[in-house]
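My entries follow in the order in which I looked things up.

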Amino acid sequence: MKNEDSAVDGALYGLEGWIRCFEKSRLAGVVRGVRVTDPDAIKARPEILHQACRRGNSI
């Protein structure tokens, strides 16, 4: 389960609960960077960075 997208569901659920405490806040999207556990590991997963850029630009 550690390498599956669903591995972050628990953390995401908690974050959504915290966000609901702020009237004008919302979760605009989620980029699931599973298998990125070390600072340089993201370099091997450029598709995650591109997805994050696209989502950020669309907000």
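Entry 1, charged pairs. I began with Lys 43, which forms a salt bridge with Asp 40, the closest N and O atoms being 3.5 Å apart. I used the rule that a side-chain nitrogen of Lys or Arg lies within 4 Å of a carboxyl oxygen of Asp or Glu. Both Lys 43 and Asp 40 are exposed; the classes are buried under 20% relative accessible area, exposed over 50% and partly exposed in between, with a 1.4 Å probe and protein chains only.

I note the source here: this is a predicted model, in which local features need pLDDT of at least 70 and side-chain atom pairs count only at pLDDT 80 or more, while totals for chains, interfaces and linings use all residues. Residues are numbered from 1 along each chain as its sequence is written, and side-chain values use heavy atoms, with hydrogens and water left out.

Next I took Glu 47 and Arg 45, whose side chains meet in a salt bridge at 2.8 Å, N to O. Arg 45 has 16% relative accessibility and therefore counts as buried. Glu 47 has a relative accessible area of 41%, so it is partly exposed.

The count of salt bridges by this rule comes to 3. Asp 9 and Arg 32 form one of them, with the closest N and O atoms 2.8 Å apart. This pair links distant parts of the chain, 23 residues apart: Asp 9 is in helix α1 and Arg 32 is in the loop between α1 and α2. I find Asp 9 partly exposed because its relative accessibility is 36%; Arg 32, with a relative accessible area of 26%, is partly exposed.

Entry 2, secondary structure. I read 2 helices and 0 strands in the chain; helices (H or I, at least four residues) and strands (E, at least two) are DSSP runs, numbered from the N terminus.

I located Val 31 in the loop between α1 (9-19) and α2 (46-58). What does Val 31 contact, leaving aside its neighbours within four places in sequence? I get Ile 48, Gln 51, Ala 52 and Arg 55, with contact taken as heavy atoms within 4.5 Å. From Val 31 to Cys 53 the C-alpha distance is 9.9 Å, at 22 residues apart in sequence. Val 31 counts as partly exposed because its relative accessibility is 29%.

I found 1 aromatic pair in the structure. Trp 18 and Phe 22 make the pair, edge-to-face, at 5.0 Å centre to centre and 65° between the planes. Rings of Phe, Tyr and Trp (its six-membered ring) pair if their centres lie within 6.5 Å; planes under 30 degrees apart count as stacked, over 60 as edge-to-face and the rest as tilted. Trp 18 is exposed because its relative accessibility is 53%, whereas Phe 22, at 39%, counts as partly exposed. I place Phe 22 in the loop between α1 and α2.

I looked up the radius of gyration, which is 13 Å, whereas a compact globule of 59 residues would have one near 10 Å. The radius is taken over C-alpha atoms, and the globule rule is 2.2 Å times the number of residues to the power 0.38. I note a C-alpha trace spanning about 40 × 30 × 15 Å along its principal axes. Of the 59 residues, 10% count as buried.
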